[in-house]
Amino acid sequence: MKKLASCFFIALLLCTLAACGGGGGNTKGGKKEVTIAYSIEQLTEGLTLGVDQMNAAIEEFNNSQTEIFVNPVEVYSADYELANQLAAIEDVVVKQYDILLIQALDNEAVLPYLKEAADSGVTVIDAQGDLKGDGYLINIIACDHYSQGQLLKETVKKQLEENPDLMLNVGIVWHDQAVTACLPRMQGIKELGTEMPDRVKILAEIYTSETAVAQATMEDWLQTYPDMNYVSCSFDEPALGVINAIKSAGIAPGVIGVASIDGSQTGCELLAEGYITNLVGISPREIAGIRIEAILEAVKGNLKPGDTFKGSFMVMLDDYTKEQIDQYLVDEGWVS
């Protein structure tokens, strides 16, 4: 999905929104109006780019026809606070948004609020695909965290097979524990500790999404576990913290291997420096496209509560050349 808003996409959007009437009868400049709220855990680099891609598609659509006006996505960032997310859902109901796209902080806690939103007429779409809404929400898996973690696992397993004397003493930096949908990213590395106990030893684990917390933790680990030689991180922000600690300790690139999942511009720079040794790249462009497409299919009636909509791009970037990395960053929407 190298071009988010293709001619086919524009035609699909026009047909689907025209079919549903859009916006509950509201108009803007003579056009039927559709409103979309997006409740997320925190506005990270990847999610910021994804929202930009979604809004670019919306703008292209709005300029292509005269019947429907889709407002830019309204983002509600919870900053990893459940109370903020619950308040955001209530606000969506009060303001009568047409569609709520949500990445839940606490799967159980949000469900009564989402049920209330659905009962009020809001189309509720779970952006992570793991909420159990009992028939009143749509699940989409635009970012397949489990498969990303398994790709990392198989890559590390292959490296161990190719290097029979290598023993990994591992620290794991999981995502924030409340964000359950993202936890499978590190499950593969955790499994290696069980499947290959003579080759992979899990020394320490922490749950955080914060660069500063990851840095402070790694500083402690360097003192407590002097034999730690590999740290696996759920995404690039905490990986940056881990590497900041490694740099501050004067440890050369590659002495302690670091893995991460995202492949953001920051992650790719750290890969080029040699500090990240295993990097799974994902595509904000494709993720945004899948979420927009799912929204439109729901509006058309092709996706109904209980359905799942799935798709996910992922690639190991370890052996990419600089030219290939630069092209990946552009193609997948990390940079313009």
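Biologist: Is Y97 buried or exposed?

Modeller: This is a predicted model in which local features need pLDDT of at least 70 and side-chain atom pairs count only at pLDDT 80 or more, while totals for chains, interfaces and linings use all residues. Residues are numbered from 1 along each chain as its sequence is written, and side-chain values use heavy atoms, with hydrogens and water left out. Buried means under 20% relative accessible area, exposed over 50%, and partly exposed in between, with a 1.4 Å probe and protein chains only. Because Y97 has a relative accessible area of 12%, Y97 is buried.

Biologist: How many aromatic pairs does the structure hold?

Modeller: Rings of Phe, Tyr and Trp (its six-membered ring) pair if their centres lie within 6.5 Å, and planes under 30 degrees apart count as stacked, over 60 as edge-to-face and the rest as tilted. On that basis, the number of aromatic pairs in the structure is two.

Biologist: Which kind of pair do the rings of Y76 and Y97 form?

Modeller: Y76, with a relative accessible area of 15%, is buried. The ring centres of Y76 and Y97 are 6.4 Å apart and the planes stand at 80 degrees, so the pair is edge-to-face.

Biologist: Which kind of pair do the rings of W174 and Y207 form?

Modeller: W174 counts as buried at 5% relative accessibility, whereas Y207 is partly exposed at 35%. The ring centres of W174 and Y207 lie 5.7 Å apart with the planes at 20 degrees, so the pair is stacked.
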